[in-house]
Amino acid sequence: MIAALAGVLAYFALALLGIVSARGRETAVLAVFAGLASLALWLPGFPEGFVGGLPWGIAVAGDLWALAFWSLALFLHAAVILHAWSKDSLRHALITLLVATCLAGSISRDLFNLYVVLELSSLLSVILIAKEGRSAALWAALRYILLAGLGMIFYLFGLGLVYGRTGALAITALSQTEVWDKPLRIGAGLLLAGATVKTGVFLFGLWLPQAHGHAPTEVSVLLSGLVVKLGVLALARLAEAFPLEPVLLALGLLTGFGGVLYALGEKDLKIMLGHHTVSQIGYMLLGLGLSAELGALLYLVAHGLFKGLLFLCAGEAVEAGATRSIPELVGKVPWPAALGLAVGSWAIVGLPPLAGFVAKNYLSLAQPIWAKAFLFLLSVGTAASFAKLLTLFRGQGGGKFGGIMLLAMGVIALGLWGILHNPAVLALQAWVEAVLAVGLGFLTYLLVREKRLPLPQFFLEHALLSVLLATVALSTILLIA
Amino acid sequence: MRPILALGLLSLAALLAAGIAGLWPRENPVDPDPIAQGWGVANAVACVVLGMRLWDTLFEVLVYVVAMVGVRFFLGTLCWRGELRPVAQSPLLRRAADLLLGPILVFALYVAASGHLGPGGGFPAGVIFGSALLLLALAKGMERLSAELYEPRLESLEYVAAVLLLSLGAIVLILEVRTSAAFIAANLLIALEVAIGAWAVLHRFASARGEV
Amino acid sequence: MESLSGLGLSVALALLGIWTMVVRRNLVWKLLGLNVASGGGILFLVALSHRPGVRPPIVGLGPGPAADALPQALVLTAVVIHFATLALALALVILLTEYRHTQDARKLEEGSV
């Protein structure tokens with residue numbers, strides 16, 4: 001425990017020193033090494049302990065989630081440093097702060113500590129999104145502040161109700177209480193609503209695609225790969241404390257299909273990837289809802305790697321082509337970015353043997369047939385949407401490749417590790433299913449290519465209203481179920 | 001849209017009311033006195049904020065620092081447009097500011113340094129100090145004040161204070177040192193932090209207002 | 001039961017704030033609504049720590065049992081977080097106004113879609 005706490009503190013301190021000394025790059029590298037050292041010291045994990053002592057201290061634990069999160073965070077941070085080496089010092093320092101926040105959040109097992117960490121991460125994201133200064137990015141950031149702020153108000157009320165009833169804030173203590181009465185049910189609904197807004201779950205305000213799409217390249221990598229996962233982690237902790245599985249399952253389905261529907265007709269490359277982040281969060285929520293925690297965790301890591309790769313290459317492509325529209329980008333993508341996009345798409349549609357395939361299989365292993373059917377349909381939709389990118393895989397000229405190579409190797413290595421680790425993944429049926437899903441997806445793409453689905457566009461007030469209504473609905477469902 | 005909103009808000013109110021009604025009968029909370037005395041302080045809230053949940057408070061200070069970084073950065077990109085019209089400068093105001101500044105500073109120091117014994121602490125102290133700065137800004141005019149308070153140096157002081165606070169957190173939480181000296185130090189550092197931040201907000205919002 | 005007034009007021013503040021956030025189209029109003037609503041959330045926690053006949057949680061300050069110290073400490077953190085968020089959001093509004101010459105959420109949105 002001490003090693004992890006010291007690692008987090010060192011990470012934060014190095015980031016701050018980076019701001020003071022205007023040497024954000026160097027301190028970021030040092031911070032990654034400090035994080036690695038700390039990880040190596042607590043490596044197999046550590047049992048739950050209370051920072052500050054009982055009865056009011058903050059519960060932290062180095063469980064499997066924390067382990068996966070730390071590895072992913074440090075890996076992504078290294079890739080981002082490598083890719084954005086020439087960017088200004090302040091940005092590197094802020095990114096280091098953001099990664100440190102994620103490290104701190106992943107070991108936290110306390111409702112209020114999660115609240116503080118989520119707020120810190122969203123403030124940092126806002127600054128990083130808006131830092132380029134274009135007005136679309138500013139607007140996306142402000143929209144995010146308002147929606148997340150509303151969600152966090154619900155979270156505070158839920159926290160009050162839960163604390164008022166049980167007198168506990170630690171996840172373990174809450175999961176051990178026998179009570180599950182009115183205040184707890186309503187409180188759990190409000191907490192869930194707050195955390196889902198942060199996660200960017202579909203209908204809880206569609207802030208995510210805009211915010212991630214308009215952010216600078218290396219920032220969208222971290223936002224999609226890491227920061228959203230902090231919300232998923234909070235949801236996993238909540239699901240541990242309260243019986244929320246059915247609700248999470250329903251939210252997962254809604255998120256998965258909603259994200260894909262919006263992504264199908266989207267022509268803007270980065271915003272389309274943002275919609276897919278929403279949809280992929282659906283997979284993780286499905287995993288949590290089906291009690292396949294390991295599958296959800298593996299999916300989280302795999303998605304962090306391949307979506308990071310996709311955003312990195314998309315950012316490169318957009319910068320090189322000076323346009324964000326997919327049809328106009330054809331023939332303007334540099335070679336490393338084109339290859340990276342191909343690897344990332346290969347992984348995200350779930351073709352063997354990359355990380356996406358392995359993660360999807362771990363998720364659907366030992367699940368009922370209807371769940372498998374839904375997962376299959378989701379894969380079809382994802383493939384249909386990614387068929388748009390086929391024309392971008394031909395490269396033109398060279399470009400930066402350090403970060404792209406690192407992430408692509410991560411995607412491949414995770415896939416191979418998963419296959420070697422669990423040979424059941426290698427079953428012929430799984431391969432056939434994966435190829436079939438992609439084939440069907442491609443056919444769907446050919447059919448719907450020219451059609452634009454009449455999807456509702458959410459203005460800010462509609463988004464705010466939908467957050468309110470969905471919160472009320474969630475709490476009511478938990479109350480009467 | 002408004003009827004739906006009203007309906008949603010009413011149902012939210014009903015849900016919250018149902019939840020609140022279910023809270024009774026309530027158990028008595030933990031008695032804070034022995035815990036506070038175990039940490040060597042009298043104020044149980046200070047014991048929680050700067051002792052047991054110092055881990056949270058560190059993040060909270062970081063939230064504050066980060067927001068100030070953001071405000072400085074975003075408003076720093078705006079150039080000054082036109083002349084700043086000074087607030088009406090009266091000898092009365094200047095005289096009053098001269099007289100009041102000292103007592104306010106002493107009061108802020110007192111609030112920060114005695115936060116572990118009674119109501120008070122670093123955050124209120126920082127805000128009190130910020131109000132003293134506001135008074136000065138009113139009396140002297142923002143431009144003269146900002147010429148006297150050199151900002152870049154203050155800014156680095158703020159980050160250094162945050163780093164010191166993190167190290168203090170390591171001492172208290174990891175080495176488990178429990179003395180009231182740590183509380184006084186933490187309160188003073190937080191007061192410094194908040195005061196500088198308050199100055200940054202005041203200065204930036206007053207000077208970089210742009211022209212609409 | 002004394003704390004019911006505080007709890008009721010906190011819910012009312014939250015409703016008022018959310019109403020303002022949704023209905024008003026001006027961004028500054030929206031942020032004011034957000035702040036009022038978060039004030040409600042904070043008041044909720046404070047009111048929860050109150051019981052009839054309690055004294056402040058300071059050693060040796062009056063007779064009777066002490067109020068719950070934990071929510072009061074949490075509130076301190078939440079207040080600072082809300083202040084920081086508001087400051088940052090207002091800075092963004094100033095910058096947006098500078099670029100787009102409007103604070104109307106609907107117009108800003110239509111311009112950037």
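This is a predicted model: local features need pLDDT of at least 70, side-chain atom pairs count only at pLDDT 80 or more; totals for chains, interfaces and linings use all residues.
Me: Which helix of chain C gives the most to the side that touches chain B?
Reply: Start with the contact as a whole, where 33 residues of chain C meet 38 residues of chain B. Two helices of chain C, α1 (4-23) and α3 (69-100), each supply at least two residues of that side. With 18 residues, the one that gives the most is α3(C).

Me: How many charged residues are there on the side of chain C that touches chain B?
Reply: That side belongs to the contact of 33 residues of chain C with 38 residues of chain B. By class, 25 of the residues on the chain C side are nonpolar and six are polar. The charged ones number two.

Me: Which helix of chain A gives the most to the side that touches chain B?
Reply: Here 45 residues of chain A are in contact with 41 residues of chain B. The elements giving two or more residues to the chain A side are α1 (2-21), α4 (89-107), α5 (111-130), α6 (135-166), α8 (182-199) and α20 (460-480). The one that gives the most, with 10 residues, is α1(A).

Me: And how many nonpolar residues does the side of chain A that touches chain B have?
Reply: This side comes from the contact of 45 residues of chain A with 41 of chain B. Its residues include 10 polar and four charged ones. The nonpolar residues number 31.

Me: What percentage of the contacts in chain C between residues at least 6 apart join residues at least 24 apart?
Reply: Burial gives some background, as 52% of the 113 residues of chain C count as buried. For contacts between residues at least 6 apart in sequence, the share joining residues at least 24 apart is 51%.

Me: Are α10(A) and α12(A) roughly parallel or roughly antiparallel?
Reply: The axes of α10 (residues 217-241) and α12 (residues 269-289) of chain A come within 11 Å and cross at roughly 25°. Angles under 35 degrees count as roughly parallel. That makes the pair α10(A) and α12(A) roughly parallel.

Me: Which residues of α12(A) make the contact with α10(A)?
Reply: The two helices pass in a right-handed crossing. By class, their contact has nine nonpolar, three polar and one charged residues. From α10(A) come S220(A), S224(A), V228(A), V232(A), L235(A), A236(A) and A239(A). From α12(A) come K270(A), T277(A), I281(A), M284(A), L285(A) and L288(A).

Me: How many charged residues are in the contact of α16(A) with α18(A)?
Reply: The axes of α16 (residues 355-364) and α18 (residues 402-421) of chain A come within 7 Å and cross at roughly 40°, so the helices are oblique to each other. Their crossing is left-handed. A355(A), F357(A), V358(A) and Y362(A) of α16(A) contact V411(A), L414(A), G415(A), G418(A) and I419(A) of α18(A). By class there are seven nonpolar and two polar residues, and of charged ones there are none.

Me: Are α13(A) and α18(A) roughly parallel or roughly antiparallel?
Reply: Helix α13 (residues 293-321) of chain A packs with α18(A) at about 150°, with the axes 9 Å apart. The crossing is left-handed, and the contact has 12 nonpolar, three polar and no charged residues. Angles over 145 degrees count as roughly antiparallel. The two helices, α13(A) and α18(A), are therefore roughly antiparallel.

Me: Is L188(B) buried, partly exposed or exposed?
Reply: L188(B) sits in helix α9 (residues 180-207) of chain B. Leaving aside neighbours within four places in sequence, L188(B) contacts A112(B), A113(B) and G122(B). A residue needs 20 or more other C-beta atoms within 10 Å to be buried and 12 or fewer to be exposed. L188(B) has 17 of them, so L188(B) is partly exposed.

Key: Residues are numbered from 1 along each chain as its sequence is written. Chains are lettered from A and ligands numbered from 1 in the order in which they are written. Two residues are in contact if their C-beta atoms, placed from the backbone, lie within 7 Å. Helices (H or I, at least four residues) and strands (E, at least two) are DSSP runs, numbered from the N terminus. Ala, Val, Leu, Ile, Met, Phe, Trp, Tyr, Cys and Pro count as nonpolar, Asp, Glu, Lys and Arg as charged, and the others, Gly among them, as polar. Axes are lines fitted to C-alpha atoms, for helices over the stretch in contact, and angles run from 0 to 180 degrees between N-to-C directions. Angles under 35 degrees count as roughly parallel, over 145 as roughly antiparallel, 65 to 115 as roughly perpendicular and the rest as oblique. A crossing is left-handed if the near helix is turned anticlockwise from the far one by less than a right angle, and right-handed if clockwise.
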